[in-house]
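Subject: Structure handover and notes

Dear colleague,

I am passing on the structure that we spoke about, together with some notes on what was found in it. Please keep it open while you read.

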Amino acid sequence: MEPIKLLIIDDSSVIRAVINEVLKDEADIIVVGEAKDPLVAREQIKKLNPDVLTLDVEMPKMDGITFLKNLMRLRPMPVVMLSTLTTKGADTTLDALELGAVDFIAKPSFEELIENKSTFKAKLIRKIKFAASVDNKKQTLLSASSKVDENIVHSFIGCQRSNHIIAIGASTGGTEAVKRIITTLPSNCPPIVVTIHIPATFSAQYAERINSYCAANVQEARHGQKIKEGNVYIAPGNMHLKVEAKGGTLYCILEDSEEVNRHNPAVDVLFNSLEPLANNVQGILLTGMGQDGAKGLLNLKNAGAMTIIQDEASSLIWGMPGSAHALNAHVKECSISNVAKEILAYASLDRSSMREVK
């Protein structure tokens, strides 16, 4: 295979030098050019025809979001955002993901590069390679089709059994996939717990943003919080989220422990915590790179849960659901546009109907 052609767009000469340095010995990726602002980048794209862009948000002459809007309208291509881990940076990055950016990576400080240069290098290489694997036409179609669901809210008669719960896991492309599901759910939907691979400074902003679109109440999960219907609980970006039953009530449990599958929070941790409650659980695994959640979903299925994976056609990256598919961890496989309907249809069944559905 030909090496991936990368164009770096960043007004910081230091960051451009860092990216060049960490990629200089990577045979599969070649830096074909650099641009200090979007106007230079525009000419470089025409001249160099890169496969992937890394894009800074805050730049002179034209900010990264305005540039990204124009790019996705005129010449859609895979973009990895370089984001600052601040509230403002999180909000702008979420804007970029809505516009069609494939993924993002935290812009490292000088101190972080001294201490964790190899970690930054590994993450950057992984994200560039996955970005290069994304089909541009598919990415554009998925972004356009997500707009169709914006004003849909499904009706729901209510859960026919107590403590029924939905657990959702996602990664790359998952911020938009999760939003697409949750924004179509009614205010009396079953309680939902979500683990998605985003940093700590992003998770609260993400929950707040989704909440502004939804009939359900969306929030970042708190330790010991009682789980109630009509609520969605997003795992904080640096804590594993588990669910625990006490006295007939479900609670959010946050755990600050080691990474699992290179992630904290990890989807497998959430899914495995629900195994004792599996007969009353729906496990949903959405778009994302890697294998996190696949084994946990299989454990849930074997314990009696309804398990659903997003199909390849509607997934930006079919890594996580594809891994679950390879394990036969799913009861159903469906398009992202049908996940919400499947969730509500199953939640409306009483116990006597559940065996028949499976």
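This is a predicted model: local features need pLDDT of at least 70, side-chain atom pairs count only at pLDDT 80 or more; totals for chains, interfaces and linings use all residues.

Residues are numbered from 1 along each chain as its sequence is written, and side-chain values use heavy atoms, with hydrogens and water left out.

Spaces

Rolling a probe the size of a water molecule over the atoms shows where empty space is left. Here, on a 1 Å grid over the protein atoms alone, a cavity is a set of points where a 1.4 Å probe fits but cannot get out, whereas a pocket is an open set with protein on both sides within 12 Å along at least five of seven lines, and lining residues have an atom within 4 Å of a point. Grid points are joined across faces, edges and corners, and a volume is the space filled by probe spheres set on the points.

The largest pocket holds about 960 Å³ of space. It is lined by 36 residues, and those closest to its centre are Ala 106, Lys 123, Lys 127, Pro 199 and Glu 259. At least two lining residues come from each of strand S5 (103-106), helix H5 (110-133) and helix H7 (174-182), where helices (H or I, at least four residues) and strands (E, at least two) are DSSP runs numbered from the N terminus. Helix H5 gives the most to this lining, with nine residues. Sorted by class, the lining of the largest pocket has 16 nonpolar, twelve polar and eight charged residues; Ala, Val, Leu, Ile, Met, Phe, Trp, Tyr, Cys and Pro count as nonpolar, Asp, Glu, Lys and Arg as charged, and the others, Gly among them, as polar.

How many cavities of 30 Å³ or more are there? The count comes to two. The largest cavity has about 270 Å³ of space, and among its 20 lining residues Leu 142, Ser 143, Gly 173, Glu 176 and Leu 316 lie nearest the centre. Helix H4 (87-99), H6 and H7 are the elements that give two or more residues to this lining, which divides into seven nonpolar, ten polar and three charged residues. The second largest cavity has about 40 Å³ of space, and its lining includes Leu 94, Glu 176 and Tyr 206, with H4, H7 and H8 each supplying at least two residues.

Rings and charges

A search of the whole structure finds one aromatic pair. The rings of Phe 104 and Phe 202 have centres 4.9 Å apart and planes at 15°, so the pair is stacked; rings of Phe, Tyr and Trp (its six-membered ring) pair if their centres lie within 6.5 Å, and planes under 30 degrees apart count as stacked, over 60 as edge-to-face and the rest as tilted. Because Phe 104 lies in strand S5 and Phe 202 in helix H8 (residues 200-211), the pair ties together parts that are 98 residues apart in sequence. Both Phe 104 and Phe 202 are buried (buried means under 20% relative accessible area, exposed over 50%, and partly exposed in between, with a 1.4 Å probe and protein chains only).

The charged end of Arg 161 sits over the ring of Tyr 346, 5.3 Å from its centre, a term that asks for NZ of Lys or CZ of Arg within 6 Å of the ring centre and within 35 degrees of the ring normal. Arg 161 lies in the loop between helix H6 (136-146) and strand S6 (165-170), and counts as buried at 7% relative accessibility.

Backbone

Most residues other than glycine have a negative phi, and most peptide bonds are trans. Asn 49, in the loop between helix H2 (38-48) and strand S3 (52-56), has a positive phi, near 50°, and is partly exposed, with a relative accessible area of 41%. The peptide bond from Asn 264 to Pro 265 is cis, with omega near 10°.

Best wishes
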